[in-house]
Amino acid sequence: MALYHHVASKNEILDGIIDEVFEEIDLPPTDADWKAAMRHRAISARRVLARHPWAIPLMDSRTNPGPNTLRHHDAVIGTLRSAGFSIEMTAHAYLLLDSFIYGFALQESVALLFDTEAAPEVVQTGLTRSPTETYPHLAELAVQRVLQPGYDYSDEFEYGLDLILDGLDRDLRSHAPSP
């Protein structure tokens, strides 16, 4: 209860904690093109959220964001706007990127497939319990991809991120004014 002599409410505590999480996420570098900057920021956010998985559902739920949160959002928006994204495209891009980052980080925090040591056992158990004739496509993916040496489910993050960035780049180029 002594804590409440310094802050007014639980929400104020959560606002401050989330602001500290945003402080840990790298801002998009200003000396890189927008795709490289967004990629850098996304990879940083994923690493931070791996350390703080409890923060994922709280990241954009705060009604009183702190200066680190606001600086972060402003830098991301500024990077997209400087690249030529319209306001509408900036909104689309920001939502798409954050949905992917937060969703992947949340899935990564709970899915046993992300545990490179546990994944083979989880998949083998699943294949044993579920006949491959009943779920042939799932079995095929598990055997030919997940159980292959060197497979790391977390590598899928950068593959998906690059698809999103390439799609945004294509959209940006199709809306660019003609010279």
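Guide: Start with one word: buried means under 20% relative accessible area, exposed means over 50%, and partly exposed is in between (1.4 Å probe, protein chains only). This is a predicted model, where local features need pLDDT of at least 70, side-chain atom pairs count only at pLDDT 80 or more, and totals for chains, interfaces and linings use all residues. Residues are numbered from 1 along each chain as its sequence is written, and side-chain values use heavy atoms, leaving out hydrogens and water.

Visitor: Which residues of α7 are buried?

Guide: Phe-157, Gly-160, Leu-161, Ile-164, Leu-165, Leu-168, Asp-169 and Leu-172. They pack against α2 and α4 (87–110). Contact here means heavy atoms within 4.5 Å.

Visitor: Why does Asp-15 count as buried?

Guide: Its relative accessibility is 10%. The limit is under 20%, so Asp-15 counts as buried. Asp-15 sits in helix α1 (residues 10–24). Leaving aside residues up to four places away in sequence, Asp-15 touches Arg-62, Thr-63 and Asn-64.

Visitor: Why are α2 and α3 called roughly antiparallel?

Guide: The axes of α2 (residues 34–51) and α3 (residues 67–82) cross at roughly 155 degrees. Angles under 35 degrees count as roughly parallel, over 145 as roughly antiparallel, 65 to 115 as roughly perpendicular, and the rest as oblique. Therefore α2 and α3 are roughly antiparallel to each other.

Visitor: Which residues make the contact of α2 and α3?

Guide: Trp-34, Ala-37, Met-38 and Arg-41 of α2 meet His-72, Val-76, Thr-79 and Leu-80 of α3.

Terms used: Axes fitted to C-alpha atoms, helices over the stretch in contact; angles between N-to-C directions. Helix = DSSP H or I, 4+ residues; strand = E, 2+ residues; numbered from the N terminus.
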